[in-house]
Amino acid sequence: MIPIFERLNYSKFTAAIFLTAFSIKYTNAQTIINIKNENKEAIFNAKITVEGNGVITQQTTDRNGQVTIYEKPGTYMVSVENSLFRKKDFKIQISEERETLDVTLLKSAYELEEVIVEGTKLSASQRIRESLYTPEVIDFREFKTSSKTVVEALNLASGLRIQQQGGMGSAVNVILNGIDGKDVRVFVDEIPVYILGRGFELQNLTANIIDRVEIYKGLIPVQFGSDALGGVINIVTKQGEKDFLGAGYSYGSWNSHEATLNTSGHPFKNKKFYAGFDAVYRHSDNDYWMDDVDIVVDDLYNTKKGRARRFNDQYDFALAKLQVGVKDLSWADHLKFISTFTHTYKEWQHGVTALQPWGEPFSREYTGGAALNWKKSSAQKNKWQIDVTAGYNFEQTYFEDISSRIYFWDGNFAQGTTKGESGLYSQGRTPKINQNVLYARENAFFRLGDHYKLNVNLLTTRMELTGEDKAGTATYKEDPFKTPQTLFNNFFGTSLESKFLNGHLISNTSFKHYYNQVRGINFKINNEFDKLNSSSSSDIGFGQVFKWMATPQISILPGYEYTVRQPDSREIFGDYITTSPNPNLKSAKSHNINFKIQYKTLEGKIFTGIGGFYRNTKDRILLTSFSNALAAYTNLLKTSTLGAEWFMEYKINNKLNVNLNATYLDTRLRGVDDSGIFNDKYIGARIPNTPYLFGNTQISYTLDPGNKKNYYFRVLYTGSYVHEYFLTWAINGVKSSKTTIPSQFVSDISVSVHSKNEKWSFAVDGKNLTNAKVYDNFSVQKPGRSIYAKITYQFN
């Protein structure tokens with residue numbers, strides 16, 4: 001049977017959607033007014049009169065004491081009348097942003113001021129979360145005083161699992177609503193991480209430099225200017241425009257250290273010039289215990305299963321970021337220069353799997369870059385805006401694997417006959433790889449009259465890879481890096497946003513074009529040098545997203561997108577450590593459907609939602625393991641995913657908050673590749689090494705000892721459950737003989753004390769409190785119970 005999406009006439013379908021969107025008119029601004037008495041009880045049937053911009057409207061409050069005003073931006077007079085309260089007139093300023101006004105009336109018998117108006121604008125995180133694409137937003141203020149890593153914090157989101165290859169600094173695999181790996185793009189401040197370099201990958205970043213993280217699932221705004229098959233994780237860093245000087249330090253198990261310094265300010269009186277600097281240092285020995293590994297028992301190197309510490313897994317990371325800018329100029333709202341540098345030293349305990357330990361391989365990585373950002377908007381707020389960023393980044397990676405020893409997990413070793421513990425080269429490997437990147441991104445929006453908003457994005461990148469491998473050349477008599485390899489990418493995207501039904505229904509129609517050109521080295525599966533290949537590809541994508549605000553409390557969000565994901569430099573060129581190059585990769589494509597219903601109580605105490613999603617994907621680019629030491633990205637699979645997720649945020653009171661979420665997904669093989677790695681018998685089988693049922697709990701409690709004390713306590717508990725899943729194909733063999741990742745529940749707790757002026761904090765964190773055996777990507781064991789302490793101090 002032909003899939004339904006392949007029977008659609010896409011051009012007619014898209015054109016019809018565009019015509020529908022252009023025929024709609026909408027009102028720009030939405031303002032919610034809550035009327036309450038002095039006891040915070042809703043006032044029913046109060047008459048609200050709004051006058052301004054040549055119009056007069058009247059409404060009465062509902063049983064929740066609420067009315068919603070839809071008017072153009074401007075200044076308005078508001079009158080509030082009720083028989084039990086005095087009439088009062090006051091002025092409000094309606095902006096383009098959604099705003100909530102809390103109005104408290106006192107009884108008419110009182111001779112006090114009759115009305116108190118408290119306007120509360122949505123925070124940046126709330127505004128983005130309630131936008132058309134409704135991304136999940138994680139506010140990192142929750143974690144800046146704890147020792148949670150960025151990966152651990154993100155794993156609390158619904159629909160998202162990040163598998164990690166070990167302890168601090170180890171490689172990660174992102175799974176978002178059934179699509180994983182590089183099919184989920186990670187951005188830092190809307191710039192793809194594959195441009196910025198490995199130093200900005202999730203395993204290296206720290207919570208202290210992050211403001212928030214936005215998670216877009218399946219449906220992706222054009223503003224990101226890049227391809228992504230399953231979604232986008234956008235890390236928004238602190239922008240350095242506030243006067244601030246702070247430092248933090250943490251120490252914990254496995255000799256783990258983290259030190260941070262953050263400063264920013266306005267050195268001149270006019271406040272137009274600002275500068276900021278962030279520095280991070282992280283270290284861990286990662287010498288945690290491994291269970292059920294081979295331990296030497298005699299001089300003949302006979303082994304038995306036992307426990308041993310990891311012994312070649314040290315990790316060091318340093319980051320420095322400088323921001324210098326000016327703002328509020330006649331020709332620029334912002335002009336900012338950004339420069340970054342990172343250094344990573346990592347020892348390699350094993351390859352893709354943990355079956356065979358390595359005792360001496362290590363790598364060093366340097367990344368650095370500079371970018372200039374210019375932003376200008378119309379004098380009349382939000383009529384148009386242009387945002388341009390251009391920059392250069394470099395990355396240098398050196399990996400050394402030249403030992404002839406064969407190590408065991410207890411540190412014993414035997415002498416081998418060839419160099420290189422991975423066993424791939426007879427003389428070992430010493431690749432030194434340089435990657436240079438030039439990029440430019442242009443983002444703009446234009447409001448077309450009062451009815452439409454047009455978004456345009458262009459991202460162009462050029463990467464060049466050079467280097468040398470002296471030890472590898474000794475094996476094959478030819479250096480694969482003697483000829484530069486290049487990757488050129490160009491993305492263009494545009495979307496039209498419109499609102500109708502008096503602002504209750506929002507529509508966004510998008511079109512995207514992708515182009516890339518590759519010139520790279522190819523290796524055979526046995527890792528022999530093949531030849532230099534050149535190829536190019538051109539693809540299109542499109543989507544339609546709706547948000548219907550059925551009531552002030554309920555929103556319904558359906559959406560569809562045909563997405564394209566082109567291979568990136570790491571997949572094409574490899575890393576020459578555990579990943580071989582493959583310049584023949586094709587673009588992956590997916591039909592993504594989302595449907596979500598969200599509910600939020602009027603007072604904001606409960607925010608919950610439930611949704612379903614479907615993914616139909618072909619030419620999946622997956623990391624495929626060919627041995628214990630070597631893997632490569634290949635176009636292997638055609639898959640489908642059907643899933644559902646639920647979340648709830650419950651603010652019980654000012655002291656106690658509870659967040660819950662759960663995700664189920666069913667990812668199946670729907671077609672096989674031409675290489676013969678899989679045959680037809682696997683069609684319909686569940687994809688292995690992928691969690692399919694998981695959930696999270698987050699509970700925070702704040703204890704204030706009283707006004708006479710200048711401090712308060714906070715307790716943060718997080719629990720994460722992952723149901724067991726198969727490491728290999730479930731249809732192979734009998735269940736008792738199959739390798740599974742067992743069900744696991746991990747509990748963490750953080751107890752902290754803070755000054756009430758937020759000047760200092762001290763926290764103690766316990767991770768994996770029950771010392772559960774936790775396994776992750778390719779069944780690599782993760783750390784057991786651990787303890788951390790962290791102190792932060794703000795100097796001004």
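In which strand is the place of Q544? I looked it up in this predicted model. Q544 sits in strand β32, residues 529-549. I then checked its cover. Q544 counts as buried, because its relative accessibility is 6%, under the 20% cut-off. Its side chain has a polar partner: the side chain of S507, at 2.9 Å.

**Whole chain.** I counted 6 helices and 45 strands. Of the 796 residues, 54% count as buried. I also checked contacts between residues at least 6 apart in sequence; 65% of them join residues at least 24 apart. The chain exposes about 33800 Å². Carbon and sulfur atoms supply 56% of that area.

**An open sheet.** I traced 5 strands in the order β9-β15-β16-β13-β14, with mixed pairing. The edges are β9 (136-139) and β14 (191-192). Each has a single partner strand, so one side of each lacks a neighbour in the sheet. Strand β13, residues 184-188, runs antiparallel to β14 and is joined to it by 2 bridges. F187 stands opposite P192 of β14.

**Salt bridges.** My search of the whole structure gave 35 salt bridges. I began with D189, which pairs with K321; their closest N and O atoms are 3.7 Å apart. D189 lies in the loop between β13 and β14 and K321 in strand β22 (residues 315-327), so the pair ties together parts 132 residues apart in sequence. D189 is partly exposed at 26% relative accessibility, whereas K321 is buried at 10%.

Next I took D287 and R309. Their closest N and O atoms are 4.0 Å apart in a salt bridge. D287 lies in the loop between β19 (273-284) and β20 (289-296), and R309 in strand β21 (residues 303-309), so this pair links parts 22 residues apart in sequence. I found D287 partly exposed at 23% and R309 partly exposed at 36%.

D291 and R307 came next, with closest N and O atoms 2.8 Å apart in a salt bridge. D291 is in strand β20 and R307 in strand β21, so the pair ties parts 16 residues apart in sequence. D291 is buried at 14% relative accessibility. I also noted one network: salt bridges with shared partners join D180, D183, R565, E571 and R620.

**A nonpolar patch.** Which residues make the nonpolar surface patch of about 540 Å²? I listed Y249, Y251, F762, V764, I787 and I791. Strands β17 (244-252), β44 (760-767) and β45 (786-794) each supply at least two residues of the patch. I picked out I787, which lies in β45. At 45% relative accessibility, I787 counts as partly exposed.

Note on methods
Residues numbered from 1 in each chain as written. Predicted model: local features only at pLDDT ≥ 70, side-chain atom pairs only at ≥ 80, totals over all residues. Heavy atoms only, no water. Patch = residues over 30% accessible without salt bridge, like charges linked within 9 Å, V, L, I, M, F, W, Y side chains within 5 Å. Areas by Shrake-Rupley, 256 points an atom, 1.4 Å probe, with all protein chains shown as cover. Salt bridge = Lys/Arg side-chain N within 4 Å of Asp/Glu carboxyl O. Helix = DSSP H or I, 4+ residues; strand = E, 2+ residues; numbered from the N terminus. Buried < 20%, exposed > 50% of the residue type's maximum accessible area, 1.4 Å probe, protein only. Pairing = 2+ DSSP bridges. Contact = heavy atoms within 4.5 Å. Polar contact = N/O pair within 3.5 Å; in protein donor to acceptor, adjacent residues only side chain to side chain.
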